[in-house]
Number of protein chains: 2
Amino acid sequence: MRTDGRLARMLHVLVHMGLLGGRETSERIAQMLNTNPVVVRRTLGALRDHGIVESEGGRGGGWKLKRSLDQITVLDVQQALNEGAIITAPISRDHPNCPVERASNAVLEEAHVAAEAQLLAKYASTTLAHIADIALAEGIGSAHTQ
Amino acid sequence: MRTDGRLARMLHVLVHMGLLGGRETSERIAQMLNTNPVVVRRTLGALRDHGIVESEGGRGGGWKLKRSLDQITVLDVQQALNEGAIITAPISRDHPNCPVERASNAVLEEAHVAAEAQLLAKYASTTLAHIADIALAEGIGSAHTQ
DNA sequence: CTTTCCGCAACAATAATTGTTACGATATAT
DNA sequence: ATATATCGTAACAATTATTGTTGCGGAAAG
């Protein structure tokens, strides 16, 4: 199964935008992400709908953070991208009335719900400013030294 | 993304096999799972390679548990089916040398590794006998009342 | 030696994200 | 006004993983 890379990509680009401070076009952001401007609009559009960034069309337009890095958590970004659960219990629906299938599913559900709760708590307590600090401690934060 | 239903399906069928006690053919197991005998062989084959079940060909053959239900944990089944991680951190690989991307990935990795550790602990402490108990408490455990 | 099993290869079906092209809408500069 | 730079969106191919299916071979029991 292909991994859904949207969360990581958005964290990456939002931190860059916070460090750079100005407005960025979909074209430049696409280069940061090694991808296409349309993919950027598609994904950043979801963040705009949740008040994390704002966009302006026309000459001189582009994308800008609507809050500072310390006011955005990983959880904010995650929830803007995916309204559903992060970790989905891999339950089966072959015989919904079979007590054994229901018991198996119930055990899996319980374990996954607990793991997801822990994950969400971690997401909620991690701000993008924290990520920026780690990046700055390791190297130059705003350049792609590739 | 389609959910990987193999773990839930295997828990389901292993508990049935434990409760029934005898040998089951791929054909009958496929009916329990609403699927095809080939899919059953494919998946149970992995469990055989890990010593959870055994198979015999020819007339009177089929599949049988190699250990009792209280000697098989959910973790055993999970690891037989998938050698990799259960929860994969959705990291990005767009600019591997970019400190910001690395910092984002590191934060995600750390959170997911912690969540997976909790999940594995839960899997390890849950036996198939436990699932069977839940099923028996709710209804008849060996019949498909559909 | 026939029937009943599993073993395995090959390929279509399904589902989700990503990548790409094309066209429209809008705002700015000249 | 008109050209230009941007986002907005629809449509479709590419990719990837599991599932479903068919077909043929091998092995064991009777």
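Biologist: How many salt bridges does a search of the whole structure find over all chains?

Modeller: Ground rules first: this is a predicted model, where local features need pLDDT of at least 70 and side-chain atom pairs count only at pLDDT 80 or more, while totals for chains, interfaces and linings use all residues. Residues are numbered from 1 along each chain as its sequence is written, chains are lettered from A and ligands numbered from 1 in the order in which they are written, and side-chain values use heavy atoms, leaving out hydrogens and water. A salt bridge here is a side-chain nitrogen of Lys or Arg within 4 Å of a carboxyl oxygen of Asp or Glu. Over all chains, the search turns up 16.

Biologist: Which residue forms a salt bridge with Arg102(A)?

Modeller: In that pair, the closest N and O atoms are 2.3 Å apart. Arg102(A) sits in helix α5 (residues 99-124) of chain A and its partner in helix α6 (residues 128-138) of chain B, so the pair joins two chains. Helices are DSSP runs of H or I with at least four residues, strands are runs of E with at least two, and both are numbered from the N terminus. The partner is Glu138(B).

Biologist: Is Arg102(A) buried, partly exposed or exposed?

Modeller: Buried means under 20% relative accessible area, exposed means over 50%, and partly exposed is in between (1.4 Å probe, protein chains only). Arg102(A) has a relative accessible area of 35%, so the label is partly exposed.

Biologist: Which residue pairs with Glu56(B) in a salt bridge?

Modeller: The closest N and O atoms of this pair are 3.6 Å apart. Glu56(B) is in strand β1 (residues 53-56) and the partner in the loop between α1 (6-20) and α2 (26-32) of chain B, so parts 33 residues apart in sequence get tied together. Glu56(B) is partly exposed at 49%. The partner is Arg23(B).

Biologist: What rotation superposes chain B on chain A?

Modeller: Two copies of a chain are related by a rotation about an axis and a shift along it. Superposition is by least squares on C-alpha atoms of residues with pLDDT of at least 70 in both copies. Here the shift along the axis is 0.0 Å and the RMSD 0.1 Å, with a rotation of 180 degrees. The copies are thus related as by a axis of this kind: a two-fold rotation axis.

Biologist: How much area is buried between chain B and chain A?

Modeller: Buried area is the accessible area (1.4 Å probe) that two parts lose on being put together, summed over both. The contact (heavy atoms within 4.5 Å) takes 58 residues from chain B and 58 residues from chain A. Carbon and sulfur atoms give 64% of the area, which is about 4,700 Å².

Biologist: What is the relative accessible area of Ser104(B)?

Modeller: Ser104(B) is in helix α5 of chain B. Leaving out residues up to four places away in sequence, Ser104(B) touches Ala8(A), Leu11(A), His12(A) and Ile131(A). Ser104(B) is buried, with a value of 0%.

Biologist: How many residues are in the largest nonpolar core?

Modeller: A nonpolar core is a set of buried Ala, Val, Leu, Ile, Met, Phe, Trp, Tyr and Cys residues joined through side-chain atoms within 4.5 Å. Leu47(A) is among those with the most contacts inside the largest one. Beyond neighbours within four places in sequence, Leu47(A) is in contact with residues including Met10(A), Leu14(A) and Val77(A). The residue count of that core is 82.
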